[in-house]
Amino acid sequence: MPIAYLDEYRDRALAERLVAQIRKVQTRPWVLMEMCGGQTHSIVKHGLDQMLEAALPHTLELVHGPGCPVCVTSLEMIDKAHAIAQRPEVIFCSFGDMLRVPGSRGDLFRLQAQGADIRVVYTPLDCLKLARQYPAKQIVFFAIGFETTAPANAMLVYRAHAEKLDNVSVLVSHVLVPPAIANILQSPANRVQGFLGPGHVCAIMGYREYEPIASRFQVPIVVSGFEPLDILQGALMTVRQLEAGKHTVENQYARILNRDGNPAARQLVYSVFETCDKKWRGVGAIPKSGYKLRWEYRDHDAERRFQVAEIDTLESDLCISGQILKGIKKPHHCPAFGTACTPLHPLGATMVSAEGACAAYYAYGRHLQPSMTGAGGPGRGPHTPQPGPPAT
Amino acid sequence: MNTASSPTPSLVNLTCPLPLTEKERIVLGHGAGGKLTAALIAELFQPAFHNPTLDRLDDQAVLALPAVSAGGRLALTTDSFVVTPIFFPGGDIGSLAVHGTVNDLAMGGARPLWLAAAFILEEGLAQADLRRIVASMAAAARAAGVEIVTGDTKVVNHGKGDQIFITTTGVGWVPEGVHLSSNQARPGDRILVSGTIGDHGMAILSQREGLAFEEPILSDSAALHTLAAAVIDAAGGHLRCLRDPTRGGLATALHEIAERSGVGMLLEEKHIPVRELVHSACELLGIDPLFVANEGKLVAIVAPEAAAAALAALRAHPLGENACLVGEVRSEHPGMLMLRTEVGGTRVLDTLFHEQLPRIC
């Protein structure tokens, strides 16, 4: 039964028309990266990459970017979260999909089973209610995410501070998209030729800050939405630019955002957070790629409050998530994918969250499809032809 | 979210607490086998459930088999219910405990006859809540034509349970000639669903997490034995298998059939009925309705020649008016479930490792 304003963007005839248009303008293979975990999820859920592969004479490869905030949260931060969550005075609050992310010693689910008070919240502001309800407890929120979640996380800190709720603190691990795009484009192994920009991030930030990146690296960036038609139209707009030798920032998601984004939300974010260098799981340190709390709000900084020491961490040496996050490889190129590494026993960043590329491939059965044996690299390479969907 | 607070029975107006027979809350004595237990049975359970077998109050129900033709068989099933919250839009743990077990019998083609019910009560449970749950069970059993003929009650310390757990065991009668099993699906068979999917799971989730939508999402909890009987009558020997897609939802139920029958399946996403409100809630939370629990829906695998008759029979029943043909059994990819997406792509539906969690963004 249709949902207004949503199902229109899943229309099969319109999707086929967009694919036909891409087919018409494309004269050679291209490699695009979608920046957002939500876009990756949508591509795999709706089978868009397979649709393009079946319909286009030239490859239009969609590689999956580091846009899942859960995946790129560093192991150190996760271990710190676990150390804080284990304290008896703490009610540890988190977005749901963070619970499953493995640290060096298990995940938050395991701590919950051992008696830690861990709660899934749907908005950071739920922590204010908990703080009033349990004044003798320490309410700690795991403030992760890209620019999208920053305003709500900032609002929690702002209101806790204004309402003098001293028992609220946040463990901040915010990451920013533009430095990640620049990092990918600077890598010598980079294959990405055009980007589907992050729609929800730009709804907050606008897309002015992407313009210098597009011109410096001569790469088209089309800020796109998350529904199948958004992604196909974003891909069409990117291919048009590539074929014409253009490299500008365009806005496919105009029904949601404009060049300026949401100034009020941004002002709140800047009043609470300032940029800092940040370590990304699977990628490494990227300068000026994260947020930390401003000095005025230091009393709400959970790292300060609980004095969690730097912890030595160890990643699996089988995991290739760093290369996946940079678009160099795809999940099924990893020998551990679906065997040693599954959502139940994730070895690395990209298998842990529903939005991670490996988890999305796994959830939608790509490890089961006999055809997913293709090697990486531009062009089709030794890719086994994809059998079409079973005919009705 | 569990916000259980310690029970505080009002003792303000009592001069001497000694003669108190606890009427407000469940206490450990209600499970001790003495006077309180007897009182709970006599005043709460027996009046609600009463029938000649139960009223004998023996340790076992002694039952006469129904007078039916030779060749019929007994069906036996058991299920435990631990749902939180215990009252939810569209039902409660009591009616659910009856429907769940009745449906497990019905999916085997059985006519449900009798239920046994075991209660694990947490000290401090309000007797008013227990009374309401028991009344709801009794009403559900009456409506389904089954008798609750024996039972048991235990009480655990406060904090050692979650208000109330109910286990129901059901006995039913499978008439001669009815042989339904999850290993019977064959290539070419059609896959029917009796109505919208995901209603129960999203009703529970939205209630549990305090998510307010414009109107409440109602659980679909219902007894399906008459609906099952209708489709059995309509399709006869062409009906291969019935399943109620409870935990794990439609995708998990079909996956089990595909595995046990050694066949593949292809579903058409656009034909799978999902209520608009449920669909919206799922989109909002990043949850896939194909994996969300149902408590009042069935899946029927039917040979192609009887598919139209089976669909018509489902649609003619009040519990099946939104029934749809959603896919087909295939010989390719045995053990696998493929979905043709709304937009025209395909993907594999695998079973889930975990409970679905709301996504961050």
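This is a predicted model: local features need pLDDT of at least 70, side-chain atom pairs count only at pLDDT 80 or more; totals for chains, interfaces and linings use all residues.

Entry 1: domain contacts in chain B. I found 19 residues of domain 1 of chain B in contact with 21 residues of domain 2 of chain B. For the bounds, I went to the domain assignment, which gives domain 1 as 28-58 + 72-174 and domain 2 as 190-349. The C-alpha centres of these two domains of chain B lie 27 Å apart.

Entry 2: area. I then looked up how much the two domains of chain B bury between them, and the figure is about 1,600 Å², with 64% of it on carbon and sulfur atoms. Which three residues supply more than any other three of the area that domain 1 of chain B buries against domain 2 of chain B? They are B:Pro89, B:Asn103 and B:Met107, and they supply 38% of that area.

Entry 3: polar links. I searched the interface of domain 1 and domain 2 of chain B for salt bridges, and the rule finds zero. My count of residue pairs in polar contact between these domains, both at pLDDT 80 or more, is eight.

Entry 4: elements on the domain 1 side. In chain B, strand S2 (87-88) and helix H3 (93-106) are the elements that give two or more residues to the side of domain 1 that touches domain 2. H3(B) gives the most to that side, with eight residues. I sorted the residues of this side by class and got 11 nonpolar, seven polar and one charged.

Entry 5: strands in chain A. Next I turned to strand S11 (residues 284-293) of chain A, which pairs with strand S6 (residues 168-175) of chain A in the antiparallel sense over two bridges. There, A:His174 has A:Tyr291 of S11(A) as its bridge partner. Strand S10 (residues 273-280) of chain A also pairs with S11(A), antiparallel, over seven bridges. In that pairing I noted A:Lys292 of S11(A) as the bridge partner of A:Glu274. S10(A) and S11(A) form a hairpin with three residues between them, and A:Gly282 in the turn has a positive phi of about 85°.

Definitions and conventions:
Residues are numbered from 1 along each chain as its sequence is written. Chains are lettered from A and ligands numbered from 1 in the order in which they are written. Side-chain values use heavy atoms; hydrogens and water are left out. Domain bounds come from an automatic or database domain assignment. Contact means heavy atoms within 4.5 Å. Buried area is the accessible area (1.4 Å probe) that two parts lose on being put together, summed over both. A salt bridge is a side-chain nitrogen of Lys or Arg within 4 Å of a carboxyl oxygen of Asp or Glu. A polar contact is a pair of N or O atoms within 3.5 Å; within protein, one must be able to donate a hydrogen and the other to accept it, and residues adjacent in sequence count only if both atoms are side-chain atoms. Helices (H or I, at least four residues) and strands (E, at least two) are DSSP runs, numbered from the N terminus. Ala, Val, Leu, Ile, Met, Phe, Trp, Tyr, Cys and Pro count as nonpolar, Asp, Glu, Lys and Arg as charged, and the others, Gly among them, as polar. Two strands pair if DSSP finds at least two bridges between them.
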